[in-house]
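Good morning, and thank you for the time. I would like to take the group through some strands and some backbone features of one structure.

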Amino acid sequence: MEIPAGLFYTKDHEWARLEGNTAYVGITDYAKTSLGDITFVELPKVGETLKQSGFSATVESVKAASDVYAPFSGKVTQVNQELAAHPELVNQSPYDKGYFFAMEISEEAEKAALMDAAAYKKYLEGLS
Amino acid sequence: MPIQYRGILAEHAHTRQEVSVFDICHMGEFMLGADPATSSFDRIITQDVVSMPLGSCRYGFMLDEEGGIIDDLIVYRLYDKNWMLVVNAATTAGDESQLYRNLSGGCCLKNVSSQLGKLDVQGPLSRDVLAKIFGDSIARLGYYSCGEFFLWGERCIVSRTGYTGELGYEVYIPLEKTQRLWDTLLKDHRVKPAGLGSRDTLRLEMGYPLYGQDIDAQHTPLAAGLERFVDFSKDFIGKRALLKEREAGPKERLVCLVSDARRAPRHGFGIFDGDRRVGTVTSGSFSPSLSVGIAMGYVSGNYRTGERLFVRETAVEIPVRVTKKPFYRKTTL
């Protein structure tokens, strides 16, 4: 299970990579592995305001559909257009080419509610 | 049988393009010995099972008196007085009591589900793969025919049937030899294992119903659009109800729905004609071969091919149109 250092993680298996005031958001290796082959992703709209832990996107696999929650509050600045035609990028590259969207975060302090790689690893061990 | 081995999409594609093996040991099988002239067996099944040629298979139903589907099954005519019935796992016990209740004296019924293993070998290369194991005579099996083949001193039944839409075979082998056959099949580098997930997407692309989802005791073969597997020229349990329903027209009909987009309709989602709810999705999935959402579901009202409907569930709305089955047509059946 790949859990890159330097990212923030949620209990719902989203990750966020902070670059200044921008957070890139996606789902973790664990999430995509549990979902199986991903066939469809519905992304938020650019300009949409999201709330931490609020609904942000939908991801569907052959097996089921799941909601994706926002790791931070803020405004969506960019979405990964590639996923419309190639949702399999989430399976192939969950932390890079398969990212979902980028957002301008409004409260950096919200990261206190998130886990670092070591804590997320421990969290996953507790689930199995 | 697991949901998947390598991944549903890979297993689905491999079945359509090459050949997969599915472990279907959970299915139920009955062996029936009965006199075709005097037996009441024919009354229990919607198909004419007495006139079946030896070595043939027929798909049909067991109905209750109201015409509700107790089970869908394949009947194999093995010998003049011997049939095999292949039924769904969850319904095996109910089928057995229906058979016992209605079979006349002199019939010999044996539930062999726990003694018989079943492997489905499905895909365009399945004939070549099985010919290497069972011999070239496997190639003589036509669609919906069956035969006996000997392997490792055991009697096996092989039929050219399946649930994928591709050229394929179902192999019945004594349970204790099933693992050996599985291993032998997988030694052929063309064969890959496939699980329940791809079995479901493959069958749905063909519009094949799944018992407990698309067909059940609350629906008749007429409502499910499966009347071609009902022989009205003979007597069978449930016939009176079906004739009545045929005259009045079924209240609901199972329709096939296809979307233009990748989002999948799911089991239980509502089907809408504009704002009016007209039905419910019974099976829905992303179609790996077509890369769009597909579904089946019961609707009240007569909707024709091409008509536009919506599948909705809370925040999800999927525009769909009514289509004919199968959804996917480029198979090697």
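A residue is called buried if 20 or more other C-beta atoms lie within 10 Å of its own, exposed if 12 or fewer do, and partly exposed in between, with C-beta atoms placed from the backbone. Helices (H or I, at least four residues) and strands (E, at least two) are DSSP runs, numbered from the N terminus.

Please note that this is a predicted model, in which local features need pLDDT of at least 70, side-chain atom pairs count only at pLDDT 80 or more, and totals for chains, interfaces and linings use all residues. Residues are numbered from 1 along each chain as its sequence is written, while chains are lettered from A and ligands numbered from 1 in the order in which they are written.

Let us begin with strand E9 of chain A, residues 101–105. Four of its five residues are buried, so by the definition just given this strand is mostly covered. Two strands pair if DSSP finds at least two bridges between them. Strand E3 (residues 22–27) of chain A is joined to E9(A) by four bridges, and the two run antiparallel; here Thr22(A) has Glu104(A) as its bridge partner. Strand E8 (residues 74–79) of chain A also pairs with E9(A) in the antiparallel sense, over five bridges, and Val76(A) stands opposite Met103(A).

In general, the strands of a sheet pair through backbone hydrogen bonds, either parallel or antiparallel.

Chain A also has an open sheet of three strands in the order E4-E6-E7, with antiparallel pairing. Its edge strands are E4 (38–42) and E7 (65–69), each of which pairs on one side only. Five bridges join strand E6 (residues 55–61) to E7(A), and Phe55(A) has Tyr69(A) as its bridge partner.

I turn now to the backbone of chain B. Most residues other than glycine have a negative phi, and most peptide bonds are trans.

Which value does phi of Tyr144(B) take? It is positive, near 60 degrees. Tyr144(B) lies in the loop between helix H4 (126–134) and strand E8 (146–151) of chain B, and is partly exposed, with 14 other C-beta atoms within 10 Å.

Trp152(B), likewise not a glycine, has a positive phi of about 50 degrees. Trp152(B) is placed in the loop between E8 and strand E9 (154–159) of chain B, and counts as exposed because it has 11 C-beta neighbours inside 10 Å.

Finally, Lys325(B) and Pro326(B) are joined by a cis peptide bond, with omega about 0 degrees. Pro326(B) is found in the segment after strand E17 (316–323) of chain B.
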